[in-house]
Amino acid sequence: MRRPQLDIQLKTPEQIELMRAAGLVVARALRRMREAVAPGVSTADLDAIAESTIREAGAVPSFKGYHGFPASICSSVNEQVVHAIPSAQQVLREGDLISIDCGAVLNGWHGDAAITVGVGEVDPALLKMAAVAEDAMWAGIAAAARGAAGGKGRLTDISYAVETAVRRGGRYGIVDGYGGHGIGTEMHQDPHVLNHGRPGKGPRLVPGMALAIEPMITMGSPRTVELSDGWTVVTRDRSMAVHVEHSMALLEDGVWVLTAEDGGRARLGDLVTARQPADSPAR
C-alpha cells in the first residue's frame, strides 16, 4: 500500500519482520568493520569484510552496482561526508575519523545504516561531534515514535528533533541537501527526511512507515562539493565531518530500530515495539 502524493510505501508487520532480518545483516557487518578499524587498515579491507559478511548471510550488498557504485560500503574519512569509494590506497591513520555506510538486501527488503569510528587516539572534540550526531539520530527516532503513538506526528517533527539535538550539542554545521529517506523494497524511497526544519509539516507519521534517519554534521560550514569521481562528497571548507544512520519502522505499539542489534531498546526503552524481545541477543 502506498500513500498518495508522496509515494510512501507502508509495510505490514510481516514485511517489517523481513526488513528486520536485512537490518541485522547490516548491523553484523558494521560491528565487524568497527572491530577492524585501526591504523594501517585500508578502506578496501573494510569493504571486503562488509561484502563477505553480507553474502555469507545470503544477502546482497545494496550499494554495489547502485547507479554504478563499485563497492559494498561508502567509507568517508575526515572531510569526506558521504559516498566515498573504498580504496586500497586509502589507508587509515592514527587520529582519523571514518564514517562507514552499509546496506544489504535480503529476500527483496533493504537495510541501511552508518557509523562513525575514530582510528586509534582521536581528538576528543571530534569524538564529541560523533556523539552529538548519534544523539541527534536517536532524538529523531524517538520523535517519530512519539508522534506516531500520539496520532498527530508529522515528518518534520523528526527533522526538528535532529536539528534541536545538534544545536544543543554545540556549534556544528548541518550538511546542506542530504538527509534520510524512506526504505523498503528499494533502498531510497519517499519521503526525504531533512535534518533540520520546523515541526508539524509533511505527511503524518503512521504505522507501516519505514525510514532511514541519518544526521550528517561538520566542524565548520554545512556546504559541500562533489569530487570528480562523481561520488565522494566533501566539506567545502575541508572541515571534519561525521555521518550516522539507522533504519527504523513504526508499528502500532512502538518503533523498531531495524539496524540496531537490540532493536533500539537501550536508547529508547518502552518506545520499542513488543515485537522486539526485551532480551534479544546481539547477533
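Predicted model: local features only at pLDDT ≥ 70, side-chain atom pairs only at ≥ 80, totals over all residues.

A: A residue is called buried when its relative accessible area is under 20%, and exposed when that area is over 50%. At 0% relative accessibility, Ala50 therefore counts as buried.

Q: Where is Ala50?
A: Ala50 belongs to helix H2.

Q: What does Ala50 contact, leaving aside its neighbours within four places in sequence?
A: Ala50 is in contact with Ala29, Met33, Ile73 and Cys102. As for Leu30, 20 residues away along the chain, its C-alpha atom is separated from that of Ala50 by 7.3 Å.

Q: What domain does UniProt give?
A: An unreviewed UniProt entry places "domain: Peptidase M24" at residues 17-248. That span is 33% helix and 25% strand, and its end C-alpha atoms lie 12 Å apart.

Q: Back to H2. What span should its 14 residues have, and what does the model show?
A: Helix H2 covers residues 43-56 and should span 20 Å at 1.5 Å a residue; the end C-alpha atoms are 20 Å apart, so the two values agree.

Q: Which residues of H2 are buried?
A: The buried residues in H2 are Thr43, Leu46, Asp47, Ala50, Glu51, Thr53 and Ile54. Viewed down the helix axis, they fall within an arc of 165 degrees, so they line one face of H2.

Q: What do they pack against?
A: The buried residues of H2 pack against helix H1 (13-36) and against strands S3 (60-61), S4 (73-77) and S6 (97-106). Just after H2, Gly58 has a positive phi of about 80 degrees.

Q: And H4, what is its reach from first C-alpha to last?
A: Helix H4 (residues 155-169) has 15 residues and reaches 22 Å, close to the 21 Å expected at 1.5 Å a residue. Among its buried residues are Leu155, Ile158, Ala161, Val162, Ala165 and Val166. The buried residues of H4 pack against helix H3 (124-150) and strands S8 (173-174), S10 (189-193), S11 (210-213) and S12 (216-218). Gly170 follows H4, and its phi is positive, near 155 degrees.

Q: New topic: how many aromatic pairs does a search of the whole structure find?
A: The search finds one aromatic pair. The ring centres of Phe69 and Trp231 are 5.0 Å apart and the planes stand at 80 degrees, so the pair is edge-to-face.

Q: Which parts does the pair tie together?
A: Phe69 lies in the loop between S3 and S4, while Trp231 lies in the loop between strand S13 (224-226) and strand S14 (233-235), so the pair ties together parts that are 162 residues apart in sequence.

Q: Are the two residues buried or exposed?
A: Phe69 counts as buried because its relative accessibility is 4%. Trp231, at 21%, counts as partly exposed.

Q: Which residues does UniProt list for "binding site"?
A: The unreviewed entry lists Asp112, His181, Glu214 and Glu245. These residues span 134 residues in sequence, yet no two of their C-alpha atoms are more than 10.5 Å apart, so they gather at one spot.

Q: Take His181. Where is it found, and what does it touch?
A: His181 is found in strand S9 (residues 180-182), and it counts as buried at 6% relative accessibility. Not counting residues up to four places away in sequence, His181 touches a set of residues including Asp112, Glu214 and Glu245, as well as Met187, His188 and Gln189.

Q: And Ala113? Where does that residue lie?
A: Ala113 lies in strand S7 (residues 109-118) and counts as buried, with 0% relative accessibility. Not counting residues up to four places away in sequence, it touches Val26, Leu30, Ile100, Asp101, Cys102, Glu245, His246 and Thr259. Ala113 and Cys102 are 11 residues apart in sequence, with 5.7 Å between their C-alpha atoms.

Q: Last one: where is Asn78 found, and is it buried or exposed?
A: Asn78 is found in the loop between S4 and strand S5 (80-82). At 12% relative accessibility, Asn78 counts as buried. Residues up to four places away in sequence aside, Asn78 touches Asp96, Leu97, Met240 and Ala241.

Conventions
Residues numbered from 1 in each chain as written. Heavy atoms only, no water. UniProt positions renumbered as here; feature names shortened; annotations may be inferred. Helix = DSSP H or I, 4+ residues; strand = E, 2+ residues; numbered from the N terminus. Expected span 1.5 Å × (residues − 1). Buried < 20%, exposed > 50% of the residue type's maximum accessible area, 1.4 Å probe, protein only. Arc of directions from axis to C-beta. Contact = heavy atoms within 4.5 Å. Phe/Tyr/Trp six-rings, centres within 6.5 Å; stacked < 30°, edge-to-face > 60°.
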